[in-house]
Amino acid sequence: MTRCAEAITVFALAIGAQYPIIHLGRSWLFFWLIPYPSERGIWPNFRSPLVWDFFAISTYLTGSLTFLLLPIIPDWAMVRDRATGLRKRIYTVLALGWRGTPREWHRLEVAMRIMAVTILPVAVSVHTIVSWDFAMAPVPMWHSTVFGPYFVAGAIFSGIAALIIAMALVRKALHLEEYLKPLHFDNLGKLLLVMSLLWIYFIFAERLTVWYGNQPAEMAAFWSIQRGKFAVLFWTMICCNFLIPFPILAIKKLRTIAGTVIASSTIVVGMWLERFLIVVPPLEHKYLPYDWGSYRPTWVEITITVGTFMGMILLYVLFAKFVPIISIWELKGGQHAKPIAEQANATVNLAAQRLDSTLPSTSS
Amino acid sequence: MIAIYGLFPDANSARRALTALRAACSRFHLNPKAIVIMSSEPLEEEGFGWEEERTLMPWLAPLGALVGAGVGYALSAFTQRSYPLPTGGMPIVAMWPTGIIMYELMMLGAILTTIVAFVIATGLPNYKKRLYDPEVTNGKILVGVSELDSACRAELEQLLYQDGAEQVKEFSTYRKYKNRFQVTT
């Protein structure tokens with residue numbers, strides 16, 4: 001499951017990192033995003049959240065890629081030993097000469113532990129910094145302190161939903177029913193339920209604060225979302241992210257594989273709408289009314305969006321094709337956990353028997 | 001290098017062979033470091049590899065993090081001083097944004113140090129011909145001796161079989177041995 005999730009993270013980040021380049025217009029000048037002094041002697045402004053983005057995304061991508069690739073090395077070694085011809089050569093290079101000595105296993109596990117500790121704070125920081133791209137700007141409904149945790153919660157929420165869909169598809173396509181069990185979907189469904197509640201709480205807190213403040217520019221954006229031209233999208237978002245998934249995930253009988261996939265599918269749609277509603281309506285209603293306008297996506301933007309989704313699917317399918325999507329060696333370790341527990345129980349019982357046999361003799 | 005090794009079906013028989021090999025080190029003039037174990041999964045819980053547990057990796061990562069944070073401060077402070085923006089009396093080197101860069105580079109420092117430490121500690125990548133058997137990935141546990149004195153070959157083979165080895169094989173990096181022994185590449 002970890003590998004399924006990490007692959008989503010890495011591919012989503014890789015695609016997301018292309019967006020600043022796409023939005024540049026003159027994409028051949030992408031290196032201006034990199035913090036170095038240009039030929040005009042202009043240094044990047046470290047007070048700009050866009051520069052923070054560069055560092056946050058680079059760190060997160062490096063960390064996620066490492067967290068994804070390190071545990072794949074033993075699995076690549078396994079594939080290397082079974083493959084023939086060109087495939088064997090390729091996997092021999094990828095396996096890096098892994099043999100499975102105690103030293104290699106121990107160092108791998110230490111590295112994985114360090115990465116597990118490191119990647120979580122980086123994940124929180126990267127989503128917070130992306131939220132600060134908005135929150136640092138004086139735009140109605142963006143300049144909010146709640147944006148940091150709101151974005152972190154949103155990322156976890158949509159991430160779990162995407163993971164459930166990916167797991168269900170992989171399970172069906174690669175016949176992994178024995179490994180990805182209903183229990184996994186049930187547990188992820190519970191987590192999704194918690195995140196759905198957290199998400200609706202954030203939405204309520206954010207909107208209540210804006211409504212209570214009653215500032216004209218903010219209220220213009222607020223009402224355009226609540227009951228104006230974006231109302232359909234807003235209420236669809238509420239249905240997709242809360243009203244539909246909540247009962248499905250809350251009722252145990254409905255929290256099946258099919259149920260969690262349906263809930264996740266609506267959540268992915270809802271979270272996309274949420275991002276659209278964060279970006280577009282406030283930009284249409286900035287503080288100065290002469291700046292107000294309306295937005296309609298062009299065919300170029302629609303094509304880029306569709307291309308992004310297709311790109312994500314293509315990368316994931318290729319990954320599932322060429323890499324063991326489930327960590328084989330971790331699975332083996334999990335299978336051995338039961339006999340070890342049984343062995344421990346047997347040892348404890350034996351010790352207890354010996355103790356019992358010695359007690360009467362000492363008392364007598 | 002000539003090596004002899006046995007392939008064991010489970011951890012118990014492999015552990016027995018390992019104990020026997022260690023006990024026989026002085027008898028066969030073996031270097032204890034020449035005893036090799038390989039498996040398709042970590043066997044620390046089974047009592048293998050406890051001697052490998054000492055590593056500086058958990059200490060190097062925080063050290064890398066500190067260096068990363070220092071680089072983050074140096075980069076942002078140097079940049080802000082090199083191209084001072086009008087700040088209306090506020091500090092040129094602003095600590096809030098500098099703190100964010102420091103944090104990100106601190107984490108990057110920890111990650112990169114971990115990668116480098118892992119690569120150095122495991123000696124990977126290594127594409128040289130080394131003692132290995134593909135049966136390891138089929139679940140067999142390899143226990144053997146890598147620097148073998150050919151005089152004690154037969155006794156070691158017997159010892160490995162006695163402790164439950166399913167197969168005992170020989171491995172050599174020398175070409176001349178290719179026809180003499182069963183060579184696994």
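Buried area is the accessible area, taken with a 1.4 Å probe, that two parts lose on being put together, summed over both. In this predicted model, chain A and chain B bury about 4900 Å² between them. Carbon and sulfur atoms account for 67% of that area.

**Interface of chain A and chain B**

- Phe46(A), Arg47(A) and Arg99(A) supply 16% of the area that chain A buries against chain B, more than any other three residues.
- Chain A brings 52 residues to the contact, and chain B brings 57 residues.
- Polar contact is counted for 16 residue pairs between the chains, both residues at pLDDT 80 or more.
- On the side of chain A that touches chain B, two or more residues come from each of α2 (49-69), α3 (72-82), α4 (85-95), α5 (102-135) and α13 (328-363) of chain A.
- α5(A) gives the most to that side, with 18 residues.
- By class, that side of chain A holds 27 nonpolar, 15 polar and 10 charged residues.

**Strand β1 of chain B**

- β1(B) runs antiparallel to β4(B) (residues 167-172), joined by 6 bridges. Here Ile2(B) stands opposite Ser172(B).
- β1(B) also pairs with β3(B) (residues 141-145), antiparallel, over 5 bridges. In this pairing Leu7(B) stands opposite Leu142(B).

Notes: Residues numbered from 1 in each chain as written. Chains lettered and ligands numbered in written order. Predicted model: local features only at pLDDT ≥ 70, side-chain atom pairs only at ≥ 80, totals over all residues. Heavy atoms only, no water. Contact = heavy atoms within 4.5 Å. Polar contact = N/O pair within 3.5 Å; in protein donor to acceptor, adjacent residues only side chain to side chain. Helix = DSSP H or I, 4+ residues; strand = E, 2+ residues; numbered from the N terminus. Nonpolar A, V, L, I, M, F, W, Y, C, P; charged D, E, K, R; others polar. Pairing = 2+ DSSP bridges.
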